[in-house]
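Me: I'd like a friendly, close look at one part of this model, starting from how it packs and then working through its surroundings. Please give me the cut-offs as they come up.

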Amino acid sequence: MNLPDDTVSTGINDVVSIARDGAIGLIVLDNPPVNAASHALRSGIWKAMETLQADSAIKAIGLYARGRTFIAGADIREFGKPPQDPWLPDLCNFLEDSNKPIVCVLHGTTLGGGLEVALACHARVALAGTRVGLPEVTLGILPGAGGTQRAPRLAGVAASLDLITSGKPISAEQALESGLIDRISEGDPCEIALKAAQDVIAGVLATRRTKDLSTQPDQDAISAMRAKLEKTQPLLFSPHKCVDAVEASSLPLSEGLQEERRLFNACMESPQRAGLIHAFFSERAVAKVPESLATPREVTRIGVIGGGTMGSGIATAALLAGFPVTLSERDQAGLDRGTATIAKNLDGAVKRGKLAAEKRDSILEGRLSTTTDLADLADRDLVIEAVFEDMGVKREIFETLDKVTRPGAILASNTSYLDINEIAAVTSRPEDVIGLHFFSPAHIMRLMEVVVADKTGADVVATGFSLARKLKKIAVRSGVCDGFIGNRIMTFYKKAADYMMMDGASPEEIDTAITGFGFAMGPYQVADLAGLDISWAANKRRAATRPAEERYIPIADQICEQGWFGRKTGQGFYVYDEKAPRPNPDALTIIDQERDKAGVAPRAFTQGEIVDRFVTAMILKATRVLEEGIALRPIDIDAVFLFGYGFPRFRGGPMHTADQIGAGELVRRIEAYAQEDAYYWQVPELLRNMAERDGSFAEMNEGT
Ligand code: 3HC
Ligand code: NAI
């Protein structure tokens, strides 16, 4: 709705204006895209409040925003820069102390500092469909503009702890029920702000200052949350500080706010804050690729070839996103297996609350079709191949696809390692061929590498990114090479783990060190889960071309020789039965035997040394992947590891971690390790130069 004709609108600055309608003063925010509480927005609101408070004709003030959302939080880009007055906490106190009633209208995603501004107003109305939350903990901080003090006063300690320590937004209905907001209305924000302010003047909408309420102490909820976080998030810093801050809300507001500030500052100084904010931006930065200006091709129908682990996962992801999918297999038995896996995946989605139970059957019956004849993929806009990792099989399939699919259809391969250029070359239309490398389980993992071959069309690349958005995945652009960004780096650092295992560390010691660093699983737990036979086959394939200087560790191959492939066979590096997984004594015997054969006298490794070598190897190879131009920027590598390999989010990714360690220290480490193995540990030129000029990977993200 536009303001009534007789309203007088005045610009305060570029992002804030005021409008008057009789006794009502409106403060209008317009700071696209998400009305972040930047310095301009904060100072604009302050000035607008001063102006309206000084105006004797104004009896009530309404605060609302234009665009897709009310304030979605503090401006994260200002973090780490010198703070500029007015600070958000001061602004909230100023709003709360207003001598005229102020009502705030929430819409979109009212998050963090946005909700804190609202909690400091004297009444809150939300549009239906609004989500509100305090997600600061996901950025390694806590609500620092009074949220930890005002939310418990309105919603109680237990509900506030949930909101603040989980960071998850809640619906307007839940917010109303908890007391965080006072009313839900339908309409547009301007209209609702006017109506709410009229209701305040008429006494129909009650106002109060949140600071005048006191928090009902709830020590049980505090202790229960502390115990839960000790167990579930022992490595994280800010969730524990969130609890301390909420506990302080039973103090008088000014004292509680002081305690909140102290804890907030501690979080701001924590390296976890920098890591988590880097992770937040990495998720968005990866979409900025040279091809993003091209217009994506329209994709409405998808074909998937291969109904194994990956094909059925990819089909599930596409079905869940609403695409009609045709699944192709070699024979009916393959189709039956694939369909059964898809059905199981959909059941899982129902259990996780991602899919309504009644939709499961309609998806299977209405959206999924199957065939053993590739010619049935003729009407598909995109076909994703996920058959055996065998160049011969893939070439054959692409030759056929070239003939049977319509001109302009995109032909994608989910290969993990194979050369997309070689695959494209068997078709008459290499510009339509691309790698779309999903991660297992494909309907759950968020990463998708978009592998751009020499002749891939820019619009085909753009389609890969647009598809990822529709599948709710994070796409990262990669060049063609053996293993692309992620697997190329993983294959390398996995060797560092194997060398440590050969030289004296047990698989369990290595896994414990790596999970202690923050990975959800260590390399041997991952290997057992993925199946040791997969790398066994790859090892055999690579044996002929393995350089003579490379140190080769045959332990995993020896374990495979026994028929032990990890979880699926009941044992690998660990034993899997009805009890908790535990180290496999027979695997330990094999390790001892291999050490004896190689004449290695095992030595002790500290947990710190294991982490240092593992992470340094990862950074070393990641630097080479940058040098080779396979990854565009360091932040792309960070995103690959954060969203595809379980790298601890609070550490921001391997390249962000490299900057924390420093290029000089990394060079020193690599040179020290090279004393034992000069072939494996070679300092990349890029890293050496960086160390010499005291540079960083962050600068490369900025393009400097
Ligand atoms: N500050 C600065 N920029 C922000 C921002 C913020 N709080 N939130 C989003 N942006 C930017 C994004 O980086 C993106 O920029 P780009 O177009 O240049 O890449 C742009 O706004 C649009 O964001 P999305 O692509 O994420 O848009 P969506 O519509 O998908 O999502 C959203 C919108 C749900 C608001 C999502 O952006 C989000 O979750 N933002 C972060 C919210 C948040 O964490 N707020 C708390 C901040 S900390 C705080 O308030 C501290 C206080 O307690 C003192
Ligand atoms: P899989 O062995 O589970 O499934 C392959 C399926 O392809 C089988 O069901 C087989 O019957 C079918 N198939 C073989 N030839 C076919 C043909 N000519 N026409 C139709 N169907 C055919 O293998 P998985 O693990 O699903 O891997 C598939 C591809 O995905 C491989 O290229 C692999 O490298 C890649 N990949 C695998 C990942 C994993 O974690 N398993 C992760 C990412 C990629």
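This is a predicted model: local features need pLDDT of at least 70, side-chain atom pairs count only at pLDDT 80 or more; totals for chains, interfaces and linings use all residues.

Reply: Happy to, and let's start with the packing. Helix H5, residues 157-166, meets helix H8, residues 219-232, at an angle of about 25°, and their axes are 9 Å apart. (Axes are lines fitted to C-alpha atoms, for helices over the stretch in contact, and angles run from 0 to 180 degrees between N-to-C directions; helices, H or I of at least four residues, and strands, E of at least two, are DSSP runs numbered from the N terminus.) H5 and H8 are therefore roughly parallel to each other (under 35 degrees is roughly parallel, over 145 roughly antiparallel, 65 to 115 roughly perpendicular, and the rest oblique).

Residues are numbered from 1 along each chain as its sequence is written, chains are lettered from A, and ligands are numbered from 1 in the order in which they are written.

The axes of H12 and helix H13 (residues 332-351) come within 9 Å and cross at roughly 50°, so H12 and H13 are oblique to each other. H12 passes H13 in a right-handed crossing.

H15 provides the largest share, 3 residues. Altogether 21 residues surround ligand 2, and the closest are Met310, Glu329, Glu389, Lys394 and Ser416 (a residue is near if one of its heavy atoms lies within 4 Å). Sorted by class, that shell holds 8 nonpolar, 9 polar and 4 charged residues (Ala, Val, Leu, Ile, Met, Phe, Trp, Tyr, Cys and Pro count as nonpolar, Asp, Glu, Lys and Arg as charged, the others, Gly among them, as polar).

What about polar contacts, pairs of N or O atoms within 3.5 Å? Oxygen atoms of ligand 2 take part in several: a polar side-chain atom of Glu389 lies 2.6 Å from one, a backbone N or O atom of Val387 lies 3.3 Å from one, and a polar side-chain atom of Ser416 lies 2.7 Å from one. On its own, ligand 2 exposes 830 Å², of which the protein buries 79% (Shrake-Rupley areas with a 1.4 Å probe).

Now for ligand 1. There, 26 residues form the surroundings, with Arg68, Gly113, Glu116, Glu136 and Arg284 the closest. By class they divide into 14 nonpolar, 5 polar and 7 charged. The backbone features in the contacts of ligand 1: an N or O atom of the Ala72 backbone is 2.9 Å from a nitrogen atom of the ligand, a polar backbone atom of Ile76 is also 2.9 Å from a nitrogen atom of ligand 1, and a polar backbone atom of Gly144 is 3.1 Å from an oxygen atom of ligand 1. Alone, ligand 1 exposes 990 Å², and the protein buries 76% of that. Strand S6 (109-111), helix H3 (113-120) and helix H11 (271-285) are the elements giving two or more residues to this shell, and H11 gives the most, with 3 residues.

Finally, some backbone details in loops. Most residues other than glycine have a negative phi, and most peptide bonds are trans. The bond from Pro32 to Pro33 is cis, with omega near 0°, and Pro33 sits in the loop between strand S3 (24-29) and helix H1 (39-53). Likewise, the bond from Asp85 to Pro86 is cis, with omega near -5°; Pro86 is in the loop between strand S4 (60-65) and helix H2 (88-96). Lys472, in the loop between helix H17 (458-470) and strand S18 (474-479), has a positive phi, near 60°.

Definitions and conventions: Side-chain values use heavy atoms; hydrogens and water are left out. A polar contact is a pair of N or O atoms within 3.5 Å; within protein, one must be able to donate a hydrogen and the other to accept it, and residues adjacent in sequence count only if both atoms are side-chain atoms. A crossing is left-handed if the near helix is turned anticlockwise from the far one by less than a right angle, and right-handed if clockwise.
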